[in-house]
Amino acid sequence: MSAALRLKLENIVKEYPGCRANDGIDLTVESGEIHALLGENGAGKSTLMKVIYGVVQPDEGRMLWNGHPVKVDSPARARAMGIGMVFQHFSLFETLTVAENIALGLPTAEARDRRELDQRIREVSERYGMALDPRRYVSTLSVGERQRVEIIRCLIQETTLLILDEPTSVLTPQEVTDLFATLRKLAKEGCSILFISHKLEEVRSLCHNATVLRQGRVSGDCRPKDVSAADIARLMVGDDTPISTRVPAAEPGDVLLEVRDLSWKSSDPFGTSLKDVSVTLNQGEIVGIAGVAGNGQDELLKALSGEIRMDRGDMDLGGLGIGALSPDQRRKLGVAIVPEERLGRGAVPGMSLAENALLTASGQGLVDRGMIRFGRVRDFSRAVIRRFDVRCNGEDSTARSLSGGNLQKYIIGREALQNPRLLVASHPTWGVDVGSAVAIHEALVKLRDEGASILLISEDLDELYQLCSRIGALCDGRLSPLAPTSELTIEQLGQWMAGEFDSAEATHAAA
Amino acid sequence: MELLINVLAATVVAGTPLLLAALGELICERSGVLNLGQEGMMLMGAVAGFVATLTSGSLVVGVAAAILAGIAMSLLFAFMAVTLAANQYAAGLALTIFGIGLSAFVGAGFVGESIDGFSRVAIPLLSDIPLIGRVLFDQDPLVYMSLVAFVAVWVFLRHTRGGLLLRAVGEDPEAANANGLKVLVVRYLAVAFGGGMAGLAGAYLSLAYTPMWTENMTAGRGWIALALVVFATWRPERVVLGAYLFGAASILHLVLQGLGWNISTELLAMLPYVVTILMLVLLSFNPARTRLNTPLSLGQPYRPGR
Amino acid sequence: MLLLERRPVDSTLMRWTSPVLALVLTVITGFVLFMAMGKDPVEGLTFFFITPVSDLIGLAELGLKMAPLLLCAAGLTVCYRAKLWNIGAEGHFLMGALGASVVAVQLVDVSGFWVLPVVLVAGIVAGMLWAAIAAGLKTHLNCNEILTTIMLNYIALNLLLYAVHGPLKDPYGFGFPQSVMFGDAALLPDLIPGTRLHLGLAFGLLAAVSVWVLFARSFIGFQLNVVGQDQRAAAFAGFSARRLTWFAFLVGGATAGLAGASEVTGPIGQLVPQVSPGYGYTAIIVVFLGRMHALGIIAASALLALTFIGGEMLQIAMNMPKAITGLFQGLLLFYLLTCDAFIHYRIRLKQPAIKPTPKAVTAATQES
């Protein structure tokens with residue numbers, strides 16, 4: 001590894017109204033180095049990478065590129081300098097082909113000869129072990145393949161610093177291994193990589209150096225291989241925040257929910273269909289569903305909530321068939337749902353917390369003969385805010401004005417206060433600060449201990465292993481067998497997430 | 001045979017204003033912008049074309065004025081819907097209501113005036129082709145313009161980088177922006193093209209179809225053009241077919257009267273509108289196809305840097 | 001360079017000043033327009049805005065024009081709150097007029113207190129039926145309601161024309177396309193004796209109050225609001241979009257149908273082809289200008305009623321084209337939407353700050 005400095009940031013400050021996102025950050029990346037940027041949500045990672053990539057301009061500070069001071073005023077400029085970026089949410093067009101997508105990011109002159117471009121794409125993809133057909137439409141690609149398109153798009157433009165924002169959150173464990181092999185090869189050839197993550201084990205296995213951010217400042221630099229994950233975690237969250245630990249298992253009771261061969265065909269050509277999904281839930285247990293986003297998680301949640309009606313199969317709650325019931329009928333029977341999107345599904349952004357209570361809790365005596373009882377609505381809303389420690393300016397604050405963690409606590413509290421028998425929660429701690437995540441986990445465990453059944457859909461394997469008694473995985477709308485957490489290796493789960501299981505076996509195992 | 005040729009030729013004439021307006025709206029919608037102001041822009045094109053022709057004595061000047069009027073109207077819309085990111089439905093409705101009012105106001109002094117409209121110019125050789133020659137190539141110059149516009153739009157969408165940019169912006173403006181594309185510029189150009197074509201469509205009505213000006217002379221053709229784009233699932237070749245189909249529906253009453261059927265003209269005048277609804281119903285039986293071709297960001301305002 | 005920047009919180013002040021600002025801008029444009037046409041702008045604006053309402057007769061005429069606007073706008077408010085873009089009020093109105101006339105023509109020689117209610121109900125039902133077509137096309141066949149309602153408007157107009165030229169034509173009407181005059185029992189009573197102001201205005205005010213109760217107090221109003229603001233949240237909560245769509249369309253059809261029935265049983269007294277000068281379309285402007293709020297639409301319907309009378313006044317007094325009414329209405333809506341942008345945005349002079357978003361896809365400083 002050469003010691004030439006590729007990138008050096010000095011005292012970067014970026015302030016937004018009411019928030020100092022970057023507060024004097026220093027960072028150096030050498031050529032050929034894989035450098036981790038660690039931190040919680042809101043620690044200032046995204047702002048910093050936007051500064052490097054020219055999306056926003058820093059208020060103070062200096063950036064040196066290969067030893068020379070530079071001002072990056074746009075992503076186009078950054079790309080011309082050799083900085084490439086793969087965002088967490090891809091900037092790809094589904095209705096265009098791989099080659100067309102890549103052509104759109106290139107200067108007109110370079111993109112003119114399509115045949116030559118196809119050839120270049122093939123060369124780059126073979127060289128770094130990322131198989132990809134330039135003629136395929138993006139809509140037919142898996143998430144992992146889409147990420148390859150993004151990376152190849154950077155590499156085709158002579159990138160010498162590649163920034164990856166949480167690249168592994170959308171990949172199966174096997175795909176992660178492949179990606180890391182590619183990144184190591186790139187680094188060996190002299191390309192620097194800035195790897196943004198909050199997954200400590202990955203950082204320890206891949207990165208040479210790490211910079212940890214907390215509340216807009218650098219809270220420490222380290223060589224991840226030489227320190228423990230717990231040490232890094234402390235740097236990330238500080239000393240005063242409790243870190244979740246494994247929770248004691250509970251004694252499951254009788255069967256509450258039984259789903260057999262649930263099938264549903266999506267009418268959306270880009271959607272996922274559910275195929276013969278079977279799952280059994282006992283009272284007082286948390287069952288986890290792993291899987292890469294877009295493999296039918298949302299559809300499963302909607303089928304359970306009643307937003308979509310299954311085409312085939314059985315769904316029993318406490319021995320009662322609920323497959324044909326509407327969402328509010330199911331809610332009356334004790335089904336509570338926490339969807340993935342907090343704003344715009346779990347809550348109406350422009351409405352107050354009190355009004356948002358009415359969204360699902362109207363059955364709690366809040367409506368009388370078609371008229372709203374505003375006093376009761378407020379009381380209910382205030383109870384949620386108090387019991388679940390929701391930080392806000394009272395029940396009249398709009399849902400939009402709350403932080404992700406506080407809104408999520410409110411939504412979970414709203415469901416929990418209705419004493420559900422079955423709670424289905426999707427990614428309940430995604431994008432939530434550590435403190436709120438702990439509170440949310442505690443709330444789920446408390447519900448479980450009170451006898452509720454919980455189906456936890458999550459991409460966060462740590463969370464699943466921590467909370468669940470049994471875990472399975474969804475892939476392309478099919479559900480793997482469910483195995484007791486203590487007997488399930490991460491390798492096995494990874495294979496399930498990649499679809500390597502037998503459907504018949506899954507049905508059999510679940511029955 | 002003679003009757004068939006006449007009917008088909010009349011169908012093409014009746015379908016031409018729809019074809020022009022729908023092609024423009026198709027480009028506009030492919031960029032993700034839904035402009036419901038077709039009716040307003042067409043009326044302004046019609047009145048501007050008529051007044052300019054009447055005062056200058058030149059049909060070319062009239063056509064140019066109509067196109068410019070359409071573009072001017074569409075830029076008003078673009079300012080609201082693209083720059084100010086206003087609700088596109090409301091902005092389009094406003095454009096239509098404004099256009100109806102303004103055109104009636106501007107044209108109030110010209111009702112009853114008359115001009116010599118476009119006349120047919122047979123294209124040598126092509127017009128000698130049996131059937132098709134008389135139907136398509138013995139028409140007025142604006143019909144030829146509509147055919148050229150169709151080919152141009154088709155080639156543009158399929159084979160040019162500009163078409164690629166347009167489709168990308170229409171599918172996902174956020175991603176387009178992240179790729180360094182000028183989303184707002186693309187959308188402005190697309191809206192302006194739609195405006196120009198709508199203006200031309202209006203000119204066709206007041207300079208060729210019925211060379212005169214009457215209030216509200218578009219009679220809902222702008223709305224039918226909008227329905228046509230949906231019906232064609234944003235594909236230009238289907239727009240052509242659809243436009244001539246509607247053309248046929250709107251001259252059917254003439255044919256029936258020619259055949260001696262005695263049906264009230266008011267009831268027959270409903271036909272194009274009924275056909276439009278039937279087309280929308282027909283389309284609903286294949287939602288997947290519609291979904292595949294719909295520009296994904298259609299109707300959603302976009303502002304960079306939110 | 002001027003740049004638009006998203007406000008952290010929408011401006012409530014701007015939400016209510018925007019209509020006033022739009023009116024001011026419309027008046028200024030009118031001033032310029034009169035000058036450009038070589039007319040005295042002060043005189044012109046006075047004839048348009050002041051003269052029509054300077055006496056009781058004038059005010060009664062204003063109320064007369066307000067009634068159909070307010071009724072149509074009340075129904076449309078229910079639709080637009082749920083973001084159902086029903087622009088079919090004109091069609092509902094025409095069908096309401098036609099339906100009421102069909103019944104009234106049968107009952108010309110009948111007297112009795114029940115005649116008027118029957119005639120009005122016929123109008124309401126006709127309006128609802130017409131709206132039901134659009135509702136069914138939307139909920140069952142997923143047809144865009146804007147296009148279907150517009151088409152239904154044109155079809156309704158042609159149906160009405162067919163009726164007055166054919167089956168409902170007065171045989172002794174000297175060939176004019178119009179129905180016979182209705183019997184007295186089918187006519188709406190006057191509100192103020194000596195003027196043409198009739199009970200229709202009371203219907204309109206009642207409809208506005210009902211809309212207020214619906215959205216301020218009732219659960220179904222809440223559900224309509226949720227559907228309008230956030231369809232995904234509504235689906236998650238289990239509010240049936242299909243049921244709410246039917247509700248909104250049927251209310252829209254009923255009020256506009258009643259407006260049409262009130263028009264033929266009120267000032268006109270028979271069915272004529274030009275029963276509506278575009279009330280159903282103008283009501284769209286009333287709803288936007290009135291902020292989809294009961295008090296707002298009452299005020300806005302008065303203003304837009306004035307544009308109809310003002311246009312006629314200018315035609316008579318200053319020999320201006322009557323089309324100025326449509327022009328003013330269009331301008332008003334245009335300015336309103338422009339001003340409305342500043343509810344969500346404010347103008348800044350320098351580079352805008354970009355808020356940190358979880359979705360880090362926003363890039364490239366785009367010129368605007």
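Modeller: Helices α7(C) and α10(C) are roughly antiparallel to each other, a term used for angles over 145 degrees, where under 35 counts as roughly parallel, 65 to 115 as roughly perpendicular and the rest as oblique. This is a predicted model, in which local features need pLDDT of at least 70 and side-chain atom pairs pLDDT 80 or more, while totals for chains, interfaces and linings use all residues. Residues are numbered from 1 along each chain as its sequence is written, with chains lettered from A and ligands numbered from 1 in the order in which they are written.

Colleague: At what angle do α7 and α10 of chain C pack?

Modeller: Helices here are DSSP runs of H or I with at least four residues, strands are runs of E with at least two, and both are numbered from the N terminus. Axes are lines fitted to C-alpha atoms, for helices over the stretch in contact, and angles run from 0 to 180 degrees between N-to-C directions. Helix α7(C) covers residues 200-217 and α10(C) residues 241-268; their axes are 10 Å apart, and the angle is about 165°.

Colleague: Which residues of α10(C) meet α7(C)?

Modeller: Contact means that the C-beta atoms, placed from the backbone, lie within 7 Å. From α7(C) come G200(C), F203(C) and A207(C); their partners in α10(C) are T255(C), L258(C), S262(C) and G266(C).

Colleague: How many residues of that contact of α7(C) with α10(C) are polar?

Modeller: Ala, Val, Leu, Ile, Met, Phe, Trp, Tyr, Cys and Pro count as nonpolar, Asp, Glu, Lys and Arg as charged, and the others, Gly among them, as polar. The contact has no charged residues and three nonpolar ones, and the polar ones number four.

Colleague: Is the crossing of α5(C) and α6(C) left-handed or right-handed?

Modeller: The axes of α5(C), residues 115-141, and α6(C), residues 145-165, come within 10 Å and cross at roughly 150°. That makes the two helices roughly antiparallel. A crossing is left-handed if the near helix is turned anticlockwise from the far one by less than a right angle, and right-handed if clockwise. The way α5(C) passes α6(C) is right-handed.

Colleague: Why is chain C as compact as a globular protein of its length?

Modeller: Chain C holds 13 helices and two strands. The globule rule is 2.2 Å times the number of residues to the power 0.38, and the radius of gyration is taken over C-alpha atoms. For 368 residues the rule gives 21 Å, so chain C is as compact as a globular protein of that length because its radius of gyration is close to that value, at 22 Å.

Colleague: Which helix gives the largest share of the side of chain B that touches chain C?

Modeller: The contact joins 47 residues of chain B to 46 residues of chain C. The chain B side divides into 34 nonpolar, nine polar and four charged residues. Its largest share, 12 residues, comes from α4(B).

Colleague: Which elements give two or more residues to the side of chain C that touches chain A?

Modeller: That contact takes 40 residues from chain A and 26 from chain C. The chain C side has 16 nonpolar, five polar and five charged residues. The elements are α8 (219-229) and α9 (231-237) of chain C.

Colleague: Which are the edge strands of the sheet in chain A?

Modeller: Strands pair if DSSP finds at least two bridges between them. The open sheet has four strands in the order β2-β1-β4-β5, with antiparallel pairing. Each edge strand pairs on one side only, and they are β2 (19-30) and β5 (68-70) of chain A.

Terms used:
Contact = placed C-beta atoms within 7 Å.
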